[in-house]
Amino acid sequence: MLRSKAFNLLKSIHLMAGQPNLAYKGIHPVIASHGHRPHRSVAYRQRYKTGAGSAGGRSLSAPQTKAMSEQELPGLLILDIGGTYGVQENIVALLKKHFCLITMKEFLANKKEMSKKIQSVFVSECRPTVDQELLESLPNLKVIGNSGVGVDHLNLKMISNFGVKVTNTPHAVADSTADIGMALMLASARRLVEGSQIAISPHTKYFAVDWLGVEVSRATLGIIGMGRIGYKVAQRARAFDMKILYHNRKQRKEEELAVGAHYCEKMEDLLQQSDFVMLVVNLTPETHKMIGKKELGLMKPTATLINIGRGALIDQDALVEALQKNIIRAAALDVTYPEPLPRDHPLLKLNNIVITPHIGTATVQAVQMMAEEAIANMLAVLNGQPIPSEVFPK
């Protein structure tokens, strides 16, 4: 099992119970003007350490140091604590072990004092919004710790110009996101949502014998993006005796040998052969609407498109047409654009689609591990240590 270097930086983060908020949370509005850009300090003199313990069976280590008061801890900006958009209480307790938390409300109420204290920003569910005005208001900011893999909501080049590091949590999310990919594939193939509605409907008098789904076992799965999550999906697909194809920028010979996958240099070849096509790539300018009318037309009429990456990987207008005209059999999406979709969106009116509210990482364990990995990344930056999961602008 892949292990993050992040888990070697901490020793004491205990798993805390607490259910994640599964409802989609909208993007926080751009914060108010923060004034002129102050001079940013290049040298970082104060070093912060953390204590010792265990988390979820993983060994987390860091240099020992004296316990520090809350005032001595580095300032960490978060949107809010609890509520609809804030950080969950159990994660707040975890963050407080290593940082002095400052909410956006507290920051805006006393920018002059708070701006000097903040050295890190914890971004969860794309919040708080990190824009130029915020960056100009934080002269001592060193790192933005993103909880999650995707960073398309962050302007990496702009942030880098301010001398600020960006980190993400690729190791913590792999299993949970791969699980939701398989769940969507099975739900769509066996028409579980429709079936549940039939089973509980007050109008159901009998179950039709000709109401059929399709099998996943021994079908062909095409994975677009053989990174950590794509590889985890392939591992699970192998247990279903699936034929595994994959398309990636680079061939992954070691991974394909381990799971018996076959490399498709051209995405078109994968689309034409696959019974299920799963998107497991990050959203970049190159991957924006990578699946459009042309690509959908290459797929089998019996094929299903599954997206666990980002909503904008798919041209949704083209997808609506493909599903309405049975160009493909079905679609299963954990991500859309926007999130949630407008209530009158045509995708919501189709019966050959399954849509979930971006819950790929919405498990107790994944949320905890994402926070742990984000903390380890931020502390590494503040301590001048190698950064386990740094994201670089292209």
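Reader: Leaving aside neighbours within four places in sequence, which residues is Thr 169 in contact with?
Author: This is a predicted model. In it, Thr 169 touches Asn 146, Ser 147, Gly 148 and Val 149, and also Met 370, Glu 373 and Ala 374.

Reader: Where is Thr 169 found?
Author: In the loop between β7 (165-167) and α6.

Reader: Switching to the sheet, what's the strand order?
Author: It's an open sheet of seven strands, β10-β9-β8-β11-β12-β13-β14, with parallel pairing.

Reader: Which strands stand at the edges?
Author: β10 (261-263) and β14 (353-355); each has a single partner strand, so one side of each has no neighbour in the sheet. Neighbouring strands are turned by 15° against each other on average, direction ignored.

Reader: How many bridges join β13 to β14?
Author: Three, with β13 covering residues 330-333 and the two strands running parallel. Leu 333 has Ile 355 in β14 as its bridge partner.

Reader: What does α6 touch when it packs on the sheet?
Author: Helix α6 (residues 170-189) touches β8, β11, β12, β13 and β14, and its direction makes about 150° with that of β13. Helix α12 (residues 316-324) packs on the sheet too, touching β12, β13 and β14, at about 140° to the direction of β13.

Terms used. Residues are numbered from 1 along each chain as its sequence is written. This is a predicted model: local features need pLDDT of at least 70, side-chain atom pairs count only at pLDDT 80 or more; totals for chains, interfaces and linings use all residues. Side-chain values use heavy atoms; hydrogens and water are left out. Two strands pair if DSSP finds at least two bridges between them. Helices (H or I, at least four residues) and strands (E, at least two) are DSSP runs, numbered from the N terminus. Axes are lines fitted to C-alpha atoms, for helices over the stretch in contact, and angles run from 0 to 180 degrees between N-to-C directions. Contact means heavy atoms within 4.5 Å.
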